[in-house]
Amino acid sequence: MKTKLLRLLPAAVLILYFLANLHTLLAFPLVHSDELWLKGITDEMLRQKSFAVTEPFFDLYPRVVHPFRLLFHLVQALFFQSFGSSVWTARFLSLVTSIASLAVFWNILRRSSRSRLLPIIGTASLAFNFQFIYSAHFGRQDSLILLLLLTVYDFAVHRRFSAIKLSLFLAAITILGMLVHPNSLLIGILAFALLIIKISCKEAPKKVLGFYTLFTSAGFGLILLIGNLLNPGFLIGYIQFGESLGIESTPMGRIEGFYWYWFKLFRQIGGTYELLDLRPEILLLVSMLLLLPCLTFFARKKHNHLLPKLWEPWVSLLGINLGLLFIGRYNQTSVVFLIPFLLLAVINGIDTLAEITASRKWAILVSLALLLLIPARLYHEVQNYAISQPYKLGYKVMLKKIDDAVDDHAVILGNLNTIEAFDGQVFYDIRNLAFLDEQKTSLEEYIRERGITIIVLHEEMDYIRETAPSWDFLYGSDSYLDDLFAYVDEHTDFLVEFENPQYAMRIAKYAGTYPWKTKIYRVKP
């Protein structure tokens, strides 16, 4: 009976964790336009009953139909049909996949550690990591990619299969990842790196790499075929689109971008993303890396069998970093992919040292200390987050204020973070205006031809205009801003304004720090 209760305890804790997070899905983090962007594509796929669609709110902004998100949109569509289309549902999907990630992580720690306490410590450290919670509450693909990364690690390190079966399982996970996000390259590199470790430790034959490469290449070829059926010649357009997003193509550009990626993580520079204080994790990473040669040296003397366990998390961290470097797109939210493997490196390091010294007392003391530090740090982070945004207005309150001011038949030009206020109405994102010159059309013509009747402007547009070109990348070139403000002065009637401190400013370090305003204008007939 006692054993059965102990087995049920992790599941019960995960359920409680799930329920606690369920009530705060919209409270943290602030709703980001990326979530609404992806939601908009899924809604359009459901509306058109086709995967060959692009965002309806972008008509000048360049977009490409491609297959590298199909699985994500399919799963999101199933959730939307079951629970309704909303940001809450998009975040609910992320929470469900994050709970699954915790279950897989628990299983990895349970299999790798001789201690009963260390798996609890490791899983709690991940569950209460503020950046992990951020990802679990964020309606993007990050949580699903993390689940696939951890599943690859579990299969490659702890499962015992034949070379063909192992290669087939890892290739299948990698291919699924390709249908979630282009960052799935990280999954492929992780699998490849772990297979090399298994081969070097004589735990797998060399042919396993050949099988994995063959199966993955075949799957990638099938995905390219699907992409060409949806949009013939899509790959050229997709590569060009990637370049427009700032993906570096030169080796030096990638290296420089990689340096600035880590610099921004350390300095907590997140752009439009609420990047939390990651300095403890980065310092822990450096400290453990310095200890690694010592642990390796002592393990080699009498405990050779411990070397794979010691090195596998570090090979994973290296593989993911090399993947980011190879992709050349450094999104700060990608740091969540590294955190579980850093924690795994720490837990495995503690466990290895305990076995080398044949003493587990100090390991228990360290574990108990961590058990006290984890909730203390989470409390500290929550307090800092609350203090950092003294001015507040909830997302749903913002939507209601906009909805009350705008009639149901309006055609809107505005920021994507307001789109949910206009259920079923025609909406154009303001980022389209950055491509007016490229399309050889004027702002006035753009508004007239689309029958736009309402313009919603956040005060951040004034700030971006005043500080140009520092924040041009948020909405493209600032060349249209003077024309936009001149048009608003001459061709619109002011309707309403309201304080919107958290959503009228997308730059994360300024959101909630000032009573920023949202203004709504009606275009004159």
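Modeller: Arg 377 forms a salt bridge with Glu 281, and their closest N and O atoms are 2.5 Å apart; the term stands for a side-chain nitrogen of Lys or Arg within 4 Å of a carboxyl oxygen of Asp or Glu. The model is a predicted one, in which local features need pLDDT of at least 70 and side-chain atom pairs count only at pLDDT 80 or more, whereas totals for chains, interfaces and linings use all residues. Residues are numbered from 1 along each chain as its sequence is written, and side-chain values use heavy atoms, with hydrogens and water left out.

Helices and strands are DSSP runs numbered from the N terminus, a helix being H or I over at least four residues and a strand being E over at least two. Arg 377 has 27% relative accessibility and therefore counts as partly exposed, while Glu 281, at 12%, counts as buried; buried means under 20% relative accessible area, exposed means over 50%, and partly exposed lies in between, with a 1.4 Å probe and protein chains only.

A second pair is Asp 351 with Lys 309, whose side chains meet in a salt bridge at 2.7 Å, N to O. Here too distant parts of the chain are linked, Asp 351 belonging to helix H15 (residues 339–357) and Lys 309 to helix H14 (residues 307–327), 42 residues apart. Asp 351 is buried, its relative accessible area being 0%, and Lys 309 counts as buried at 12% relative accessibility. Setting aside residues up to four places away in sequence, Lys 309 touches Ser 112, Asn 348, Asp 351, Thr 352 and Glu 355, where contact means heavy atoms within 4.5 Å. Lys 309 and Ile 173, for their part, are 136 residues apart in sequence and 22 Å apart in space, C-alpha to C-alpha.

In a further pair, Lys 519 forms a salt bridge with Glu 497, the closest N and O atoms being 4.0 Å apart. The residues lie in distant parts of the chain, Lys 519 in strand S5 (residues 517–523) and Glu 497 in strand S4 (residues 492–499), 22 residues apart. Lys 519 is partly exposed with a relative accessible area of 31%, and Glu 497 counts as partly exposed at 36% relative accessibility. Asp 34, Arg 140 and Asp 142 are linked in a network of salt bridges, and the structure holds 19 salt bridges.

Turning to helix packing, helix H7 (residues 142–158) and helix H9 (residues 185–200) pack at an angle of about 15 degrees, with their axes 10 Å apart. Axes are lines fitted to C-alpha atoms, for helices over the stretch in contact, and angles run from 0 to 180 degrees between N-to-C directions. H7 and H9 are therefore roughly parallel to each other, given that angles under 35 degrees count as roughly parallel, over 145 as roughly antiparallel, 65 to 115 as roughly perpendicular and the rest as oblique. On the H7 side, Ile 145, Leu 148, Leu 149, Val 152, Tyr 153, Ala 156 and Val 157 meet Leu 186, Ile 187, Leu 190, Ala 191, Leu 194 and Lys 198 of H9. By class, this contact has 12 nonpolar, no polar and 1 charged residues; Ala, Val, Leu, Ile, Met, Phe, Trp, Tyr, Cys and Pro count as nonpolar, Asp, Glu, Lys and Arg as charged, and the others, Gly among them, as polar.

The axes of helix H4 (residues 87–112) and helix H5 (residues 117–127) come within 9 Å and cross at roughly 150 degrees, and H4 and H5 are therefore roughly antiparallel to each other. Leu 102, Phe 105, Trp 106, Leu 109 and Arg 110 in H4 meet a set of H5 residues that includes Leu 118, Pro 119 and Ile 120, and by class the contact has 9 nonpolar, 2 polar and 1 charged residues.

Finally, Asp 429 lies in strand S2 (residues 427–429) and is buried, with a relative accessible area of 0%. Beyond its neighbours within four places in sequence, Asp 429 is in contact with Phe 57, Phe 58, Leu 413, Gly 414, Asn 415 and Leu 416.
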